[in-house]
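Subject: Handover of a structure and findings

Dear colleague,

Please find below the structure that I am handing over to you. My notes on what was found in it follow directly after it.

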Amino acid sequence: AAARRSERSYRAAWDDIATKAGAVTPGGVASPSPSPPSHPPRTMTSAEALTAVRAVGVDTATAEDAEAMIRLLTRGGDDGSSKAACVSISYQNFRRYAALLPRTQLRSKNASWCWLVSATPMKAHERPRAQPRLQLLAGGFAGACAKTLVAPLDRARTIIQDTGWCGQRGSRKTVMGVCAKVFRGEGVAGLFRGNAVSVMKVLPCNALQFAIFNGLKEQLTRAKKQQNNNTNNASSKGVTSTAGDKYSLTLAERLASGGVAGAVSTAACYPLDALKSQMAVSGGLRGGVVAAAKQLYLEQGGIRAFYKGLGPTLVADVVGTALGFTLYDTLTAAYRERCVGGRKATPFEKGVLGGVGACCSMTVTMPLEVVMTRMRVQGICGRPVLYGSALECLRSIARKEGISSLWLGTTAAYVKIFPQLAATYFLFELA
């Protein structure tokens with residue numbers, strides 16, 4: 001079974017490279033004459049290999065590099081034969097090379113780049129372009145799955161932030177206690193109340209965050225490379241092609257990329273977030289998504305009701321997203337360099353690192369999360385309007401309930417955010 005999986009991985013990587021090279025159609029059928037599906041595609045020339053590499057955005061590759069790629073997978077040039085004899089390679093040539101690669105490098109776009117840098121170790125090639133459409137889909141799907149997984153914990157966090165830690169008899173609330181009470185009163189569906197809106201929100205929100213953050217990082221990296229090329233035309237000999245540290249982003253650039261991603265995604269998706277909060281609190285909006293949205297619109301001042309608490313939410317999400325993505329990148333790089341000897345982290349390891357980074361950023365932004373929740377739910381279903389601004393809400397909570405109340409629901413948030421973000425990063429890296 002393992003051998004069959006490996007063979008499928010080799011064949012898939014070859015078909016992907018050949019498709020980008022124009023050697024085969026996406027169905028894996030050779031051109032111009034069709035081949036039986038059980039046979040590998042026809043041989044690949046250096047010109048086609050160059051086309052495949054440039055198709056993934058490695059514009060620094062040259063015809064000489066492509067010829068080196070062909071020579072690497074054959075014995076031409078190594079056994080005394082002429083370089084001119086090395087005109088093409090077959091699937092079997094590629095298979096012998098692919099067997100030496102980690103499975104992660106056989107995924108789409110990685111195999112062709114690894115092949116290039118293996119053949120030209122003394123040249124510094126840029127990394128493949130990101131695929132915005134894939135990042136949008138992967139980020140949205142990962143976020144929706146992870147959000148549903150922790151929906152009961154999210155509802156418990158919202159209730160605790162709204163009503164405080166103290167129960168009716170002075171006892172301290174717990175996450176499991178709140179979940180149990182919701183289950184007794186509303187059943188299983190109550191644990192997932194508001195999750196439909198959360199999924200509707202997290203799909204575009206996470207998609208935008210991942211696509212914008214990774215897109216900005218790529219643009220900044222390319223701009224650095226272009227600036228370096230314009231100011232320094234010295235030879236790149238002696239520079240390894242796999243490091244990429246020369247053009248790594250600064251802390252400020254990573255924070256800025258994450259902040260922009262957070263601001264855009266929050267501004268675009270905030271009405272759904274506000275609706276979810278008002279559906280999740282005790283005694284909140286009833287009915288389905290459409291009925292709750294209609295009730296919110298009619299009873300709380302029209303379209304403005306969907307943007308209550310936007311200020312603190314923007315600050316929290318900009319800071320949280322900037323810190324979250326930056327910590328994820330920093331922890332991943334540190335883990336690779338100091339813990340696994342330069343090996344690329346697996347999707348599972350990246351998921352764990354992403355969860356740790358999310359918990360750290362959540363600790364910083366939790367006071368704004370508490371203020372955001374209080375601002376959103378005031379005025380609904382007969383609740384009093386206590387705060388005129390986010391700053392007034394912050395001062396009032398600190399004065400009347402103590403500074404520690406600004407971290408209400410932190411335990412529930414940790415229990416919720418770690419598996420949610422770990423699953424999000426894990427699924428995103430798998431895509």
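A crossing of two helices is called left-handed if the near helix is turned anticlockwise from the far one by less than a right angle, and right-handed if it is turned clockwise. Helices here are DSSP runs of H or I with at least four residues, strands are runs of E with at least two, and both are numbered from the N terminus. In these terms, α13 passes α14 in a right-handed crossing.

Before the details, two remarks on the basis of these notes. The model is predicted, so local features need pLDDT of at least 70 and side-chain atom pairs count only at pLDDT 80 or more, while totals for chains, interfaces and linings use all residues. Residues are numbered from 1 along each chain as its sequence is written, and side-chain values use heavy atoms, with hydrogens and water left out.

The chain as a whole

The chain has 16 helices and two strands. Of its 431 residues, 47% are buried, where buried means under 20% relative accessible area, exposed means over 50%, and partly exposed lies in between (1.4 Å probe, protein chains only). A contact is defined by heavy atoms within 4.5 Å. Among the contacts in the chain with a separation of 6 or more, 74% are between residues 24 or more positions apart.

Helices α13 and α14

The axes of α13 and α14 come within 8 Å and cross at roughly 165 degrees. That makes α13 roughly antiparallel to α14. Axes are lines fitted to C-alpha atoms, for helices over the stretch in contact, with angles running from 0 to 180 degrees between N-to-C directions. Angles under 35 degrees count as roughly parallel, over 145 as roughly antiparallel, 65 to 115 as roughly perpendicular and the rest as oblique.

Threonine 332 is located in helix α13 and is buried, at 15% relative accessible area. Beyond its neighbours within four places in sequence, threonine 332 is in contact with Lys350 and Leu353. Glutamate 349 belongs to helix α14 (residues 347-377) and is likewise buried, with a relative accessible area of 17%. The side chain of glutamate 349 reaches the backbone nitrogen of threonine 346 at 2.9 Å. Residues up to four places away in sequence aside, glutamate 349 touches Tyr335 and Arg343.

Salt bridges

Side chains of opposite charge can pair when their charged atoms come close. A salt bridge is counted when a side-chain nitrogen of Lys or Arg lies within 4 Å of a carboxyl oxygen of Asp or Glu. How many salt bridges does this rule give? The count comes to five.

One of them joins glutamate 186 and arginine 155, whose closest N and O atoms are 3.1 Å apart. This pair links distant parts of the chain, 31 residues apart, with glutamate 186 in helix α8 (residues 175-186) and arginine 155 in helix α7 (residues 151-163). Glutamate 186 is partly exposed at 33% relative accessibility, whereas arginine 155 is buried at 4%.

Another salt bridge is formed by the side chains of lysine 224 and glutamate 253 (3.1 Å, N to O). Lysine 224 lies in helix α10 (residues 195-231) and glutamate 253 in helix α11 (residues 251-280), so this pair ties together parts that are 29 residues apart in sequence. Lysine 224 is partly exposed, at 21% relative accessible area, and glutamate 253 is also partly exposed, at 22%.

Arginine 254 and aspartate 329 meet in a salt bridge as well (2.6 Å, N to O). Because arginine 254 lies in helix α11 and aspartate 329 in helix α13 (residues 310-338), the pair ties together parts that are 75 residues apart in sequence. Arginine 254 and aspartate 329 are both buried. Salt bridges with shared partners join Lys217, Arg254 and Asp329 into one network.

Two further positions

Is alanine 261 buried or exposed? Alanine 261, which lies in helix α11, is buried, with a relative accessible area of 0%. Not counting residues up to four places away in sequence, alanine 261 touches Gln209, Ile212, Phe213 and Thr321. Alanine 261 and threonine 321 are 60 residues apart in sequence, and their C-alpha atoms are 7.3 Å apart in space.

Isoleucine 303, by contrast, is exposed, with a relative accessible area of 53%. Isoleucine 303 sits in the loop between α12 (289-299) and α13.

Yours sincerely

Key
A polar contact is a pair of N or O atoms within 3.5 Å; within protein, one must be able to donate a hydrogen and the other to accept it, and residues adjacent in sequence count only if both atoms are side-chain atoms.
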